[in-house]
Amino acid sequence: MERAFEFAKRAHGQQTRASGESYLVHPVAAAHTLVALNMDAATIASALLHDVVDDTTVTIKEIEKEFGKEIAFLVSGVTKLGKLKYRGVERQVENLRKMFLAMAEDIRVVLIKLADRLHNMESLEYLPEQKRHRIALETLDIYAPIADRLGIGEIKGRLEDLAFKYIYPKEYAWLMGEIEEQFRVRQNYIERLKPVFEKRLRDEGVQPLDIHARAKHYYSLYQKLKRSDMDVSKVYDLIALRAIVPDVSACYAALGAIHKYWKPLPGRIKDYIALPKPNGYQSLHTTVFCDDGVISEFQIRTPLMHDHAERGIAAHWAYAENGKNRRAFSFADQRLTWVNQLRDWQKGVRASSEFLESLKIDFFKNRIFVLTPRGDVIDLPEGATALDFAYHVHSEVGDRASGAKVNGRFCALDTELKNGDVVEAVVQANRKPSAKLIEIVTTNLARSQIRKALRRQGIETPILAKLLPKPKPIETHLEITVRDRVGLLKDISAIISRKNVDIRSISGEAHEDAAESLIRVKIVVDNKKALAQLLEDLKKFPDVKSVRSI
Ligand code: MN
């Protein structure tokens, strides 16, 4: 880390940020965020070096020579992700999030990118208006949802709040004016409530490790207000009281203690311990009528749940990395969530190449995401060629394509594309497609466009069975009941993606007895037959108890 710091200092030299500060302030700030997330030395060193390749004459080869393969891999991952551009096109959002995760390859690259973005947002005021808006929008649409998905509540909240005032300046100003008084009133009330709460817990035999007030982040408060007639007095968790207690049974005892003295609001008791949120979040929440009829929210959790709520996947990483605190996993081990599964893949694998392999993000196996030179994302099936790409940009581009530039190098039209390739079609003005081109494309769109162009030239192409337009794909949810075990979700998603089914989302929850879990997978499948076959295959799988499509 020290060598990385010195290296970055020398490389950036006299460079300054838009704020006028030394450039070095930025990588150091990103590194600080990752230190707070308790990340490993390679990640922190990579954060210090993350802008060196893009902004100085240093090459990735030199980084590798100086710091080794792992750090070079992380730095080049961050550099690669920096090339993704988002221009606020609605339909791009989900693709870009997916592509971001797929391209990152290693979860630590994503964490460095989040830390990078956090500091960029903190110093956004120094940039010109246009740029500010683009970056803030990208933060709100891409980065904050990814932080949320990875369960890093603290960074998600900060990113959203920082973007909020640039994207919705009027609403932000309104909110600030509206809540100032409310915040003060609530703060005073909570201060008085805290000792009463603590005494009642102790009276009921619960020893709190910590009790603190939690103010709601502004942006999530604003979202909530939109759902509650913009009436701040209806937001009961503007400031919530949060108790950290030693273990799970103390959580339920604390909930009991609260309900013994204060009547709960119906429908407001949330047991995220038994039923964690999809991102792994666990806590008990309840909203009660306190003394004097004031309505207040309480949150109860263990230290480990607290750590996970703030640091998400980074918390899992740190525990796995230290090797100690193994026991700390046990409370969540039964839970089948996206984050927990990611962690399970990481757990217990030591050999470095195997270890890196286990950090790979392979949810989107059957899709590839490539970029136009302008940074637009084109989502294609695996095996798609440069000609498929050309047709996906525009039918006329496809018709006239004579070749392509892939990552700056000239290539033939049948070149198979890879995730993250930057692709540009090379066109000739009077070119017309020939029948044999049908053989080198894999997408229906490209095939039907080629046939159309051929028909215009008076060439009828025989419609082979495989060239018939496919029926509209079926979108469905699978509910799979399984006997839970480590790595099961990964196995199941592997089975599904092998069948050329597009996985749109995957989530899981544990049943009460924790021996069985329910996995929900949203998929898009080509036809009924393929769906039936997939259901059959899943049913044959040893740990699967039942499967249905709804
Ligand atoms: Mn940066």
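**A glutamine and a helix pair**

Guide: In this predicted model, the side chain of glutamine 282 reaches the backbone oxygen of isoleucine 273 at 3.0 Å.

Visitor: Is glutamine 282 buried or exposed?

Guide: Glutamine 282 belongs to the loop between strand S4 (270-271) and strand S5 (284-289). A residue counts as buried when its relative accessible area is under 20%. The relative accessible area of glutamine 282 is 4%, and the residue is therefore buried.

Visitor: What distance separates the C-alpha atoms of glutamine 282 and threonine 302?

Guide: Along the chain, glutamine 282 and threonine 302 are 20 residues apart.

Visitor: How are helices H2 and H3 oriented relative to each other?

Guide: The axes of H2 (residues 25-36) and H3 (residues 41-48) come within 7 Å and cross at roughly 160 degrees. Angles over 145 degrees count as roughly antiparallel. The crossing is right-handed, and the two helices are therefore roughly antiparallel to each other.

Visitor: How do the residues of the contact of H2 with H3 divide into nonpolar, polar and charged?

Guide: H2 contributes Pro27, Val28, Ala30, Ala31, Leu34 and Val35, while H3 contributes Thr43, Ile44, Ala47 and Leu48. Together, the residues of this contact divide into 9 nonpolar, 1 polar and no charged.

Visitor: Which percentage of the residues in the protein chain is buried?

Guide: The protein chain contains 23 helices and 15 strands. Of its 550 residues, the buried ones make up 51%.

Conventions: Residues numbered from 1 in each chain as written. Predicted model: local features only at pLDDT ≥ 70, side-chain atom pairs only at ≥ 80, totals over all residues. Heavy atoms only, no water. Axes fitted to C-alpha atoms, helices over the stretch in contact; angles between N-to-C directions. Helix = DSSP H or I, 4+ residues; strand = E, 2+ residues; numbered from the N terminus. Parallel < 35°, antiparallel > 145°, perpendicular 65-115°, else oblique. Left-handed = near helix turned anticlockwise from the far one by under 90°. Contact = heavy atoms within 4.5 Å. Nonpolar A, V, L, I, M, F, W, Y, C, P; charged D, E, K, R; others polar. Buried < 20%, exposed > 50% of the residue type's maximum accessible area, 1.4 Å probe, protein only. Polar contact = N/O pair within 3.5 Å; in protein donor to acceptor, adjacent residues only side chain to side chain.
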